Structure formats: C-alpha cells, structure tokens
Amino acid sequence: MSKKVKKLSFIIILSILSFFVYVIFTTPFLAIYNLSNTLNSTFETVEKINKEKPFGKFVYAKYDDSIFASAGEKKPIKVDLKLLNLITIKTFFANTEEPEVYTGGDIVGFSLNGDGVVILGFGDVETEDGKFDTTQNSGLKKGDIICEIEGECVNSVADICKVANRENNQNRELEIKFKRQNEYHQSTIWSKLDKNSGIFKLGLWVKDDVSGIGTLTFVRKDNNRFGALGHAICDNDTKTIYNINSGEMYNCTVLGLKKGTKGKAGELKGLFIQSKNNKIGSVDKNTEYGVFGEANKDYSIKQCLKAGGRLYAKPGKAYIRTSIDGGTAEDYEIEIIKTNYQSTSNEKSMVIRVTDKELLQKTGGIIQGMSGSPIIQNDMVIGAVTHVFINDPTKGFGVYLDWMINQ
C-alpha cells in the first residue's frame with residue numbers, strides 16, 4: 001500500500017473517530033436515560049424533538065405514522081429516541097390526552113387527619129408505686145405511627161385513651177401495631193393508672209392531626225381533582241411526611257407577610273376557619289409532590305389552560321400565579337434557569353428565579369406559603385413552586401406538573 005493511500009486511510013479513520021467522539025460529547029445520554037417511561041405530551045411536541053433537537057442534533061424521535069394520523073383519538077403513542085436515526089437509546093410512551101386545568105394561585109388552608117397517631121415523645125406514668133416506664137423493651141421511637149392497640153384501630157388521641165381504659169386492658173401489657181418508614185411492626189406497651197388524673201395512660205405524647213397553609217396549583221376540568229403545594233405537608237415534630245386517612249381544604253384569609261432575606265425565609269401569614277361553610281375541598285392524598293383531593297367549589301370562573309410538563313418546560317421566561325395579598329391571583333414574571341429530565345418523582349424538577357420587580361419589592365422573592373403557585377409558560381401550566389433557596393430568596397425549585405396531574 002502506497003504512503004498516499006495509507007495517509008488517506010488514516011485521515012478517514014481519524015475523521016470517523018472524531019465524528020463519533022463529537023456525537024458522544026454532544027448527546028445528553030444521562031438526560032435521555034432519566035426520562036420517564038410515560039410523558040404528558042402532544043403529537044406536535046413529539047415532532048418538535050426532531051425540529052428543535054432538545055436532546056442534541058443526532059437524536060431523532062421515531063413513532064408510528066399511522067397513529068400520528070389519528071391524533072384526534074388522544075391515545076398514548078410509543079416513541080423511540082434513536083441515535084443517528086439507527087440505535088434506540090430510549091423508549092417512552094407519550095400520553096396525548098392533554099388534560100385541561102383551572103389555574104390556581106389562591107392561598108388555602110389544610111387540615112389533615114392522621115392515618116394512625118404519631119408519637120412525639122415519651123414520659124413515665126406517675127403511679128402510686130412511683131414512676132413507671134410503660135414503653136420498656138417496646139422499641140418504640142419518636143415518629144412511629146400507632147395503628148392498632150389490642151386489635152383495635154387507633155386514629156385519634158381519644159381512641160388511645162379509650163383503649164387504655166377498657167376494663168380488660170387496665171394495668172397490663174397491651175399488644176401494639178405501629179408503622180415506621182412504611183413498614184409495620186408489632187410490640188407491647190403497658191397501661192398504667194396515673195395517680196394524678198385517675199385514668200390509665202400509656203406514657204406517650206401523641207398527635208392525630210396537622211394543619212397549614214399553601215397555594216392551590218390547579219383543579220382538573222374533567223374530574224374536579226385538585227393539586228396543591230407541590231410538596232408534602234410534613235409533621236413539624238418528626239420532620240416526616242404526615243400519613244393521612246382524610247383531610248379538608250378551606251378558604252384562607254391572608255393576614256400579612258414577612259419579607260424573605262438572605263439566610264432567612266419569608267412567610268405568608270394566614271388564618272382559616274375549619275367550618276362546613278368555609279370548606280372548599282376534601283383531601284385524600286398527601287405525597288412528596290403535593291396535597292390532592294376533590295374540590296367542592298366551582299372553579300369554572302378561573303382561566304382554563306392545558307397541562308404541560310417536562311417536555312414543555314424550557315429555560316427562559318415564565319410566570320408564577322399567586323395571591324400574596326389575599327385577593328385575586330396575579331401573574332409575576334420569573335425565569336426558568338434549569339430543567340431536569342427525571343425518571344422518578346422529585347419536587348425539585350427545575351430551578352427558577354423571580355425577576356418581577358413588584359414581587360421582589362413585596363416579598364423579596366419566594367416565601368413560605370407560595371408553595372404550589374402554578375408555573376405558567378407558553379399558556380400552559382407546566383409545574384408548581386416548591387422550595388426557596390435560603391441563601392437567595394429570589395431563587396427556588398419547582399416540580400413538573402407530570403408528577404401532580406394524575407393524582
């Protein structure tokens with residue numbers, strides 16, 4: 001082989017290798033791999049993958065053209081993301097249902113009833129014979145959720161008192177069933193007579209409900225399901241997600257706010273009355289990405305927008321809708337700084353920054369109570385505000401609506 005041919009072959013091989021290196025370094029494989037197996041999308045959005053190249057210039061979306069032709073049926077379509085239009089590197093289903101939602105922004109109050117009774121602490125019972133440790137050898141810990149005592153369901157503080165004072169349960173060890181980190185355990189606890197009150201006690205400090213305020217994100221037009229907060233309501237004492245069996249959502253009156261500063265989060269101050277006339281919804285879920293239930297108030301006067309999500313959220317200009325003054329919810333300009341493609345639910349899907357001068361002047365940025373404020377971009381609700389950066393209240397996190405919309 002001549003030197004000229006060898007040189008030409010070397011250049012060709014080097015060019016091919018250089019091309020593949022360039023392909024590898026310009027293709028966001030991790031972002032593609034982290035895509036969920038199901039995404040809220042439209043046929044038009046799937047087509048944009050080929051036009052706008054959000055996953056790099058060498059990644060193509062392939063799908064059944066015959067299904068695309070029947071777009072009016074709004075059924076899921078299988079989409080293959082192919083490298084160089086040859087190698088499948090990810091397959092997902094695009095849910096083309098395109099649900100519509102009434103936008104939120106209202107400050108609301110929540111009262112949640114526990115699924116069991118949460119242990120806050122322990123204390124010896126003062127008996128006639130001295131102090132008695134009722135939890136000796138029980139293995140119970142702060143944050144455990146008591147579900148049953150002697151086979152009876154426990155949902156309130158009153159239930160515990162009632163079971164402990166049954167004649168056949170007095171002054172003896174009782175079987176107890178409790179939950180810790182979603183796993184059930186069995187143990188025993190003593191019921192002892194407290195000499196000061198004259199009633200039998202288990203030596204536990206417990207609570208059976210929790211309440212707080214936040215922002216309504218959306219109400220689905222088709223089934224009246226609502227989503228709010230964008231993150232779970234956690235127990236202030238145990239710092240864990242509060243397990244519920246029921247709850248209520250109420251109208252809330254905003255009393256004022258504390259402006260956020262660097263190193264110290266601001267806060268909305270609100271008051272709500274737990275009455276039948278003030279109730280606007282029933283809560284049935286408290287999850288890591290929000291509080292959900294069924295609205296019993298007519299929200300049809302609200303603006304109705306399509307529900308977006310991960311494939312719709314783009315870095316750039318957007319708005320959050322909130323009613324920090326307690327009146328009609330208003331839109332305030334923000335910038336989406338960063339979006340993440342997530343394969344598992346997370347309330348920190350995107351990083352946002354408040355750019356609206358009016359909101360910055362009033363609140364300093366994002367403050368507690370604004371969690372759940374809908375994030376709107378290109379006339380679609382794409383997510384909700386969830387957290388504020390303590391060291392920079394102008395910035396915070398948002399959750400994609402994908403994680404909230406079908407709860």
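Predicted model: local features only at pLDDT ≥ 70, side-chain atom pairs only at ≥ 80, totals over all residues.
# Notebook: a helix patch, paired strands and salt bridges

I began with Phe-20, which is partly exposed because its relative accessible area is 42%; buried means under 20%, exposed over 50% and partly exposed in between, with a 1.4 Å probe and protein chains only. Residues are numbered from 1 along each chain as its sequence is written, and side-chain values use heavy atoms, with hydrogens and water left out.

Phe-20 sits in helix α1, residues 3-26. For the element names, helices (H or I, at least four residues) and strands (E, at least two) are DSSP runs, numbered from the N terminus. Phe-20 also belongs to a nonpolar surface patch of about 460 Å², together with Leu-8, Ile-12, Ile-16 and Phe-19. Patches take residues with over 30% relative accessible area and no salt bridge; like charges are joined within 9 Å, and nonpolar side chains (Val, Leu, Ile, Met, Phe, Trp, Tyr) within 5 Å. The areas come from the Shrake-Rupley method with a 1.4 Å probe, and for residues only the protein chains shown count as cover.

Next I went to strand β6 (residues 107-122), where Asp-115 is found. Asp-115 counts as partly exposed because its relative accessibility is 30%. Beyond four places in sequence, I found Asp-115 touching Ile-145, Lys-179, Asn-243, Ile-244 and Asn-245, contact being heavy atoms within 4.5 Å. I also looked up Ser-156, 41 residues away along the chain, and its C-alpha atom is 8.9 Å from that of Asp-115.

What does the side chain of Ser-323 reach at 2.9 Å? I found the backbone oxygen of Gly-105 there, and the backbone nitrogen of Ile-107 lies 3.5 Å from a polar atom of the Ser-323 side chain. Polar contacts are pairs of N or O atoms within 3.5 Å; within protein, one must be able to donate a hydrogen and the other to accept it, and residues adjacent in sequence count only if both atoms are side-chain atoms. Ser-323 lies in the loop between β23 (316-322) and β24 (330-339), and is buried because its relative accessibility is 4%. Its contacts outside four places in sequence include Asp-106, Val-254 and Thr-328.

I then followed β5 (residues 100-103), which runs antiparallel to β22 (residues 304-307) with 3 bridges; strands pair if DSSP finds at least two bridges between them. Glu-100 has Lys-306 as its bridge partner in β22. β5 also pairs with β15 (residues 204-220), again antiparallel over 3 bridges, and here Thr-103 stands opposite Phe-218.

Arg-220 meets Asp-222 at 2.6 Å, N to O, and Arg-220 is buried at 5% relative accessibility.

Lys-317 and Glu-333 form another, with the closest N and O atoms 3.9 Å apart. Lys-317 is in β23 and Glu-333 in β24, so this pair ties together parts 16 residues apart in sequence. Lys-317 is exposed at 51%, while Glu-333 is partly exposed at 30%.

Arg-321 and Asp-331 meet at 2.6 Å, N to O. Arg-321 is buried at 11%, whereas Asp-331 is partly exposed at 36%.

Conventions
Salt bridge = Lys/Arg side-chain N within 4 Å of Asp/Glu carboxyl O.
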